[in-house]
Amino acid sequence: MLHDRVLVRQDGSEGERRSTAGIVIPATASMGRRLSWATAVGVGPNVRSIVVGDRVLFDPDDRSEVELHGKGYVLLRERDVHAVAADRVEPDGTGLYL
């Protein structure tokens, strides 16, 4: 990885989802702008806030997809990450920092 790039693997699939009430929402359903969670699998040397294994929140419309060894990943700049979920943030905190 170079500079401020972050390589992430998206959590789950982008197909149909289930609401908290158990209703199946098809992938073709029209929704507003929705951010996605992913797990960082690689970070560049200039990335300051993210380490491998952190969960990051990003806009799926602003992504570059790449395939490595037959698996799909997303390549982001650190500035494109909206939030990071990590255990190291604060022992009594929410685990999120924005």
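Trainee: Where is His3 found relative to S1?

Mentor: His3 sits in the segment before S1. Strands here are DSSP runs of E with at least two residues, helices are runs of H or I with at least four, and both are numbered from the N terminus. Before we go on: this is a predicted model in which local features need pLDDT of at least 70 and side-chain atom pairs count only at pLDDT 80 or more, while totals for chains, interfaces and linings use all residues. Residues are numbered from 1 along each chain as its sequence is written, and side-chain values use heavy atoms, with hydrogens and water left out.

Trainee: What makes the phi of His3 worth a remark?

Mentor: The phi of His3 is near 50 degrees, a positive value in a residue other than glycine. His69 also has a positive phi, of about 55 degrees, and is not a glycine. His69 belongs to the hairpin of S6 and S7, which has two residues between the strands.

Trainee: Why is His69 called exposed?

Mentor: Its relative accessible area is 85%. The scale is under 20% for buried, over 50% for exposed and partly exposed in between, using a 1.4 Å probe and protein chains only. The value for His69 is 85%, so this residue counts as exposed.

Trainee: Which elements does the protein have?

Mentor: There are nine strands and zero helices. From the N terminus on, the order is β-β-β-β-β-β-β-β-β.

Trainee: What makes S1 and S7 a pair?

Mentor: Two strands pair if DSSP finds at least two bridges between them. S1 and S7 are joined by four bridges and run antiparallel, so they pair by that rule. Within S7, Val74 is the bridge partner of Val8.

Trainee: Which other strand pairs involve S1 or S7?

Mentor: S1 joins S4 through five antiparallel bridges, with Val8 opposite Ala40.

Trainee: Why is the pair of Asp4 and Arg77 called a salt bridge?

Mentor: The term asks for a side-chain nitrogen of Lys or Arg within 4 Å of a carboxyl oxygen of Asp or Glu. For Asp4 and Arg77 the closest N and O atoms are 3.8 Å apart, so the pair qualifies. Asp4 lies in the segment before strand S1 (5-10) and Arg77 in strand S7 (residues 71-77), so the bridge ties together parts that are 73 residues apart in sequence. Salt bridges that share partners join Asp4, Arg5 and Arg77 into one network.

Trainee: What is the distance between Arg5 and Asp4 in their salt bridge?

Mentor: Their closest N and O atoms are 3.0 Å apart. The whole structure has two salt bridges. At relative accessibilities of 24% for Arg5 and 29% for Arg77, each arginine counts as partly exposed.

Trainee: What makes a group of residues a nonpolar core?

Mentor: A nonpolar core is a set of buried Ala, Val, Leu, Ile, Met, Phe, Trp, Tyr and Cys residues joined through side-chain atoms within 4.5 Å. The largest one here has 13 residues, and Val8, Ile50 and Val56 have the most contacts inside it. At least two residues come from each of S1, strand S4 (36-43), S5, S7 and strand S8 (81-85). In soluble globular proteins, nonpolar side chains tend to be buried together.

Trainee: Which residues is Val56 in contact with?

Mentor: Contact means heavy atoms within 4.5 Å. Setting aside neighbours within four places in sequence, the partners of Val56 include Val8, Trp37, Ile50 and Val84. Across the protein, residues 24 or more positions apart account for 60% of the contacts with a separation of 6 or more.

Trainee: Which residues make the nonpolar surface patch?

Mentor: Val66, Leu68 and Leu75 make it, with about 190 Å². Patch residues need over 30% relative accessible area and no salt bridge, with nonpolar side chains (Val, Leu, Ile, Met, Phe, Trp, Tyr) joined within 5 Å and like charges within 9 Å. Leu75, in strand S7, has 31%, so it passes that cut-off while counting as partly exposed.

Note on methods. Areas by Shrake-Rupley, 256 points an atom, 1.4 Å probe, with all protein chains shown as cover.
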